[in-house]
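Biologist: Can you walk me through this one? Start wherever you like.
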Amino acid sequence: MWACAVLARAALPDSLVIQLTETYTTAMKAFEAGRWTEAAAGLSKLVAKVTDPADQAKIGPVYYTVGAAHYNAKQYPQAAAAFQIFLTKFPDDPRARQARLAQARATYLAKQYEAAIPLFAAYEGVPAMRYQSLLVQAECFKALKKDTEQMAVLERLMLPDIGAAQQAEGALTLIELYFHKDQTDKALELLNKLHARIAVVDNVVALNLLTVKLGDELAEKKAYEQALRAYREVRTREQVLDFQTNRIAALEQRIQANQRYLRSGRLDAVQVASANQELEAAVEHARKLLAVQEKMPDHLPGVVLRMGRVYYDWGRKWEAISAFDSLLAEHPKTKECEPALYAMLVCYADLNRVARTQAMCERYLKEFPKGPNAAGVGYLLGAVSLEAGEPKRAATFFGRILDEQPQSPLREQLILGLGNSYAMMGQHVESRREYRRYLRDFPKGQFLEDALYREALATVFLGEYEAALKSLNAYVQKYPQGAYAADAGYRLMVCKYAGSLYGEVVADAQQWHKKFPNHQIAGEIFAVTADAHAAENKHAEAAAAYQQAFKRASTDEVLNYALFEAGKQLQKLGDWPAVAKMFEDFVRDNPNHASVVAAMYWISRAKQREGKPEEAKALIITQLKRDLNEPKREAVEQLLQQLAQLCAKRPRPPALPAADTNAVAAAAATNAPAAAATNAVAVAPPLPPPYDPFPELKQQLEPLADLANATGRARLLYAEAELCKLRRQNADVQDIYDRLAKDFTPEQLSPVLLALVGDHLLEKGDRVKAAKFFEDLREDYPKSNYLDFAFNGLGEIALAGGQARKALELFTTAADDLAALKIKDATLGKARALLELGKYPEAKKLFAQVASTREWRGESTAAAVFYLGELEAKQGRYPEAIAHYQRVFVAYQKFLPWAARAYVRGADCFDKLGKRAEAIGHLREMLRNAKLKDFPETEQARKLLDTWGAAS
Amino acid sequence: MRSLALLLTLTLAAHAQSLVFKDGKVLAVGKDLRRQGDMLFTLVELSGAAPGQPARTGEVGYAVAQIARLELPPPALLKTAPELLAQGKAAEALAQLDPALANQVTFRDLPGSWWAETALLKLRALNQLGREAEVEPLAQQISTCAVHPDQPRAAQAQVALALLRKGQTARALPIAVIVLKESKEPATRAVASVVKGGCLMEKKDWEGALLAYLKVPVFFPQDKLLLAQALLGAGRAQFELSDLEAAKGTLNELKKVCAGSPEAEQVEAELQKIQRREKALAEPK
């Protein structure tokens, strides 16, 4: 009751003192009872009545209490004003510090933000108040929409480093501000710091959500790397729960520790109670947060899905797939699986991984048959197959999806796709059926024109020309300017050609050219025109039209057809100069075309017919000059072969004068005396010496020798080898290949020579060196026509080295995937590898295939039959083995190495059957064959006979 | 995702280490703590023999069975050793780790011991130094002394890595797969991903290898040593899959983010392989 005492001492009338005392007492009772407004009103009234400054100076606490009452009553403006008055009147009062703080708070709560800022700023230097001061200032600036100032304050809050919960709270706000100001690097840096100091973050879930939001916004702005960094900071649900559980445990341990200190007397009860009260509040808060967090679903799948999408947008499809793959494997039953699987298959489609895309589509349709993307995936399954050139699979998929998704919004595309798949396979009955289905089911469909035209086209391909004419005309009538109008015109001509209406074909073509000048299928039109002329034996017109056709052709198919048909027509006219010129022009205009080699052949023939082989050679040399040093131009070796063939032919002697020739002929016919003959031939040139083509070849190649690099020089040697082959100088051929192997590195050789030299070395038994040539061929020329030499050769080397499994892989690639020049050898190699691996049924099948393929008749047949014997022998079926061996040395005796081996193996099998006499008989028969005398098996046979005491 | 750091936020006694008994009592202990069989001994302060007499110290023993856990401050090398390992200085790291392990070995089976965590670092060092033969036995010991459920898995991941380095992919792969299935720790999963990638490369499962390797840059790019291995493997797998552009991109990224690593030194050779392949696939001039 000091106030009463003060009032009593005040210079006030007694009655007023009594009144004021009563007012004060009533107001204070109200204050103690929590009736703040009443207390504030009463105390304000009291204060208003004390007018004497000296008396006022004595009732400082009353002024303070007025402010407190207003504050507690949430009358903040009044509280702020009251505290202001208090501070003005009583700046040195012991409660001045609390009053300043209360004034600041009241000002803030009264939303007087401008005023609140400096009030709180004054507390920045007070360690215990620093965080609160800065946080409230930041809130004030936020309310005043002063971002820059808000950020500056929050940045001060972060100094020197984040170590308190209030700083973490401020950091969350600052991060959002940075982001909105496009200061994403700062946002991320602060986020990382916060995550590194997770212990001070009160609400990890809020941090996680902010992190995801930041990541999303970065992704939207295409700051992919930063978005991913943000997403990686997100904690998993387990981590959040663990964190929160551990935090609660740590707080509880602190409470217990404090109680232990209390018992030990190190701290007093007040300190402990106060600290533990705060800790218990923190535990309670943490438990509430934990309860909330436990109910929340796992957010990680959503984050991983986002990461996958960011990688996809960034163009890093493999990384996207890796992310989606993780999601599907680790969170298999979440709602994110469907979009992840869909996104994954889109990635595979983008990467052109056809098999994978198909597999993913299948998986999607199995796991999400009614998923939001099921229709699109169903269509994609067929479309990707069609695009990859797998029409059979495409047809299967389209058909299946049409059955499984009868309501698909992509039904039109599915039916059309199915029709197109059949068309690609040449199954035109089926394709037409699908196009007609489309026309029936979708009479106003968006692809109506396509379906109509393709239906007509199918009819053409089925050879139903009359019906096709009708369909095509119907199309042209409906779509005179349609996308297929030009093609329809062409197909109509084809139908008329089939009906032998050649005149109409020619006339229609003329009209067509006027209607579609410079069209890309002009080549086809000229070709069918030429066909019509040719059918009427109008060779000149046909030749001219074919020449137009190949010049205007937009596909190789038309070009090749027209070019060589033109040649035939000119030949029919006997116009060899025209043949030569036409092909020369072609070669000049298309020097890199695949048909150049064939064209050169025709030029050579034409020039020879004209008696001008030198011109043919000159043309080949011109072509070779361009490409001699380019290893990938495989036509070079073929042209060199042609040149060798031309050089191999003795040049025709110059023609004799007519009389002389008659005299010589007459003399020869009548066996006239030598004198008459001699007179008759006196002017004839002497018989030419034997022709040596090698100097001719050398002379022809001389201009090339000057410009040849190592690749070129090797090729020139090859030309010489080819000439030796033509001259059956096999030893010289071997020498040249030895030189090629010795004097040139694999890097210097063209793929053709790598193949041939590799085979040469293999035959000689130099497997190590051969392997290098084959490996270079495989690595450096994956598109070569001779690539299968590499796989076949390496297969042989592997098999010889006891690596049957590796050999099988290599032979399979050569025989099945490449299936080119070495298909026969590779098939035999594959069979041998299977034999080595004990896979007898598969091996037998392949050996039988080799043995029975007519086109492969020769040594490989002997080998295949021999191995069939080996196969039986390995399984202990000796009679069957003997039968095969006997077939070798009876039916294929000209293949001496195999015959030799077959004799010995046959004898061995007889011996195993206990039929020594038959075995001896075989070996003696073998020894009687003089052609086999130098084979190692013959020596083996002698030794066996010695051992058996049957030496002859 | 961020690693869960072990919580060390206890602001307890001024003393650095304590024994916490099963009955809740806590006893501060000093560096004199020692073990003998099933007993732990420590020096404690006793009052004078009589009033006025000076305080004495005496060694008191406690049965290990009474101990709930040790509360020991984490050794500084748990920070320094990983930094050394990240710099490729495995030998230096090992020089710190071996004595620490020797000091801690008698307490390794007690909850709160740092032995297992320290031993895991040693496993990493051994793998880096190519001392694969020593990895499995140590991993076995860790499994019996683990204080955190992921420690045995982390040890197994290192075993798998050692097996991969020895070429024993048939043994390494199933271990890596199990670790990936069971572990949630990013660092452990990163090692297992690299192992899985390496094993699948051996089996020529290029795509499987690629997806395994890419888990590291996608989810765990922090560990630069593992990142380098993963990016090199991924680049090679992309080459085998004929995605040459992607392979170049991956290898160039390796050069950029892991410059100076042994893997970065191999990048040029790999890029030359790609160049050779591009030349092989190019159309003739």
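**A hairpin, a helix and an interface**

Modeller: Keep in mind that this is a predicted model. In chain B, strand 3 and strand 4 form a hairpin with two residues between the strands, and there Gly37(B) takes a positive phi near 65°.

Biologist: How many bridges do strand 3 and strand 4 of chain B pair over, and is the sense parallel or antiparallel?

Modeller: Strand 3 covers residues 34–36 and strand 4 covers residues 39–46, and the two pair in the antiparallel sense over three bridges. One pair to look for is Gln36(B), whose bridge partner in strand 4 is Met39(B).

Biologist: And what about strand 4 and strand 5 of chain B?

Modeller: Strand 5 runs over residues 56–63, and strand 4 pairs with strand 5 in the antiparallel sense over eight bridges.

Biologist: Which residue in strand 5 is the bridge partner of Glu45(B)?

Modeller: Thr57(B) is the bridge partner of Glu45(B).

Biologist: New topic. Where is Thr169(B)?

Modeller: Thr169(B) lies in helix 6 of chain B, which spans residues 169–182.

Biologist: Does Thr169(B) count as buried or exposed, and why?

Modeller: Thr169(B) counts as buried because its relative accessibility is 17%, and the cut-off for buried is under 20%.

Biologist: What is Thr169(B) in contact with, leaving aside neighbours within four places in sequence?

Modeller: With those neighbours left aside, Thr169(B) is in contact with Leu164(B), Pro174(B), Cys199(B) and Glu202(B).

Biologist: Now the two chains. How many residues of chain B are in contact with chain A?

Modeller: On chain B there are 38 residues in contact with 48 residues of chain A. Between them the chains bury about 3800 Å², and 52% of that is on carbon and sulfur atoms.

Biologist: How many salt bridges does the rule find across the interface of chain B and chain A?

Modeller: The rule finds eight salt bridges across that interface. Arg276(B) forms a salt bridge with Asp780(A), where the closest N and O atoms are 2.5 Å apart.

Biologist: Which elements give two or more residues to the side of chain B that touches chain A?

Modeller: Those are helix 8 (206–219), helix 10 (244–257) and helix 12 (267–281) of chain B. Helix 8 gives the most, with eight residues.

Biologist: What is that side of chain B like by class?

Modeller: The side of chain B that touches chain A has 20 nonpolar, five polar and 13 charged residues.

Technical notes: Residues numbered from 1 in each chain as written. Chains lettered and ligands numbered in written order. Predicted model: local features only at pLDDT ≥ 70, side-chain atom pairs only at ≥ 80, totals over all residues. Heavy atoms only, no water. Pairing = 2+ DSSP bridges. Helix = DSSP H or I, 4+ residues; strand = E, 2+ residues; numbered from the N terminus. Buried < 20%, exposed > 50% of the residue type's maximum accessible area, 1.4 Å probe, protein only. Contact = heavy atoms within 4.5 Å. Buried area = accessible area lost by both parts, 1.4 Å probe. Salt bridge = Lys/Arg side-chain N within 4 Å of Asp/Glu carboxyl O. Nonpolar A, V, L, I, M, F, W, Y, C, P; charged D, E, K, R; others polar.
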